[in-house]
Amino acid sequence: MKDKDIWEQVFSNIPMEWKEVSPTDSMLFCLDYFQKHNVESVLDLGCGVGIWSVFLAKNGISVKGVDFSKNAIEYAKNWAKEEKVRALFDYSDLVNHSFKKESFDGVVASKILDNISRFKLSEVSQQIESNLNDGGILFCVFNPYLNETDREKLMKSDNPTKGITHTVYKDEELEKIFPELNLLEFRIFEHGFRGLIWQKEENTAANNV
Ligand SMILES: C[S@@+](CC[C@H](N)C(=O)[O-])C[C@H]1O[C@@H](n2cnc3c(N)ncnc32)[C@H](O)[C@@H]1O
């Protein structure tokens, strides 16, 4: 089965309780970071059912979310409507989405960039860089590092996302994924998820003209 079909199945019956779950440490840290950097607009890549999008929008940030699962995007749209928050969603792949020509103060990529291949990541990372305003912040969350034994266990385990792409990155590799951006932080969040925060250079030359 293709990744898209697996995700579509995962999101075919979304529990209502997902809306009630408290924000995680990584989400709270991200909000605080965005607020300190005056981030007013955010692109949420691989937004799923909109957990991050709705949370950020409820805190006053204007959000656009992208995901290739139709079920997830429908859920996110309805949720944002119920909450009466500024969040728009597009059902699309990470690259050719309808917000691709727009730029944002912040981009969130939570638990998504290791669900695509290394090859695809190089295309997506260029797209992300062009989506960021000068001085903009990129907030990424990656899965914990898995050694060979953990990987085998995961492959054998019976979980709903069994079979999807899992690219495993060492910490040193993650640090080099966006060579054009400045890495500001690398921290470990809940359950060992790895959070990396980058900033796009301010265009000082243009400011000096
Ligand atoms: C682990 S979930 C993370 C959801 C959300 N970002 C979060 O942290 O709660 C990964 C999401 O990425 C989406 N996804 C995976 N590959 C994608 C692709 N190539 N284009 C768009 N969305 C993708 C899946 O549909 C799923 O919603």
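This is a predicted model: local features need pLDDT of at least 70, side-chain atom pairs count only at pLDDT 80 or more; totals for chains, interfaces and linings use all residues.
Seven strands make up an open sheet, ordered β3-β2-β1-β4-β5-β7-β6, with mixed pairing. At the edges stand β3 and β6 (182-188); each has a single partner strand, so one side of each is left without a neighbour in the sheet. On average, and ignoring direction, neighbouring strands are turned by 15° against each other.

Two of the pairings can be followed in detail. Strands β1 and β2 run parallel and are joined by five bridges; Leu43, for instance, has Lys64 in β2 as its bridge partner. Strand β4 (residues 104-110) is joined to β5 by six bridges, and this pair also runs parallel. Here Phe104 stands opposite Leu132 in β5. In a regular strand the side chains alternate between the two faces of the sheet. As for β2, five of its six residues are buried, so this strand is largely enclosed by the rest of the structure.

Helix α4 lies across β2 (62-67) and β3, and runs at about 165° to β3. Helix α5 (residues 118-131) lies across β1 (41-45), β4 and β5, and its angle to β5 is about 135°.

Gln127 belongs to α5. Is this residue buried or exposed? Its relative accessible area is 11%, and because the limit for a buried residue is under 20%, Gln127 counts as buried. Leaving out residues up to four places away in sequence, Gln127 touches Leu94, Val95, His97 and Lys100.

Helix α2 has twelve residues and spans 16 Å from its first C-alpha to its last, close to the 16 Å expected at 1.5 Å a residue. Its buried residues are Ser26, Met27, Phe29, Cys30, Leu31, Tyr33 and Phe34. An α-helix has 3.6 residues a turn, so residues three or four places apart point the same way. The buried residues of α2 pack against β1, α3, β4, β5, β6 and β7 (194-199).

The surroundings of Leu56 show how separate parts of the chain meet: apart from neighbours within four places in sequence, Leu56 is in contact with Leu31, Phe34, Val42, Ile61, Val63 and Val108.

With a relative accessible area of 18%, Ser41 is buried. Which residues does Ser41 touch, not counting those up to four places away in sequence? They are Ile61, Ser62, Phe104, Asp105 and Gly106. With Asp105 there is also a polar contact: a polar atom of the Ser41 side chain lies 3.1 Å from the backbone nitrogen of Asp105.

Most residues other than glycine have a negative phi, and most peptide bonds are trans. Asn38, which follows α2, is not a glycine, yet its phi is positive, about 55°. Asn38 sits in the loop between α2 and β1 and is exposed, with a relative accessible area of 60%. Lys84 likewise has a positive phi, near 55°, in a residue other than glycine. Its place is in the loop between α4 and β3. At 75% relative accessibility, Lys84 counts as exposed.

How values were computed:
Residues are numbered from 1 along each chain as its sequence is written. Side-chain values use heavy atoms; hydrogens and water are left out. Contact means heavy atoms within 4.5 Å. Two strands pair if DSSP finds at least two bridges between them. Helices (H or I, at least four residues) and strands (E, at least two) are DSSP runs, numbered from the N terminus. Axes are lines fitted to C-alpha atoms, for helices over the stretch in contact, and angles run from 0 to 180 degrees between N-to-C directions. The expected span of a helix is 1.5 Å times one less than its number of residues. Buried means under 20% relative accessible area, exposed over 50%, partly exposed in between (1.4 Å probe, protein chains only). A polar contact is a pair of N or O atoms within 3.5 Å; within protein, one must be able to donate a hydrogen and the other to accept it, and residues adjacent in sequence count only if both atoms are side-chain atoms.
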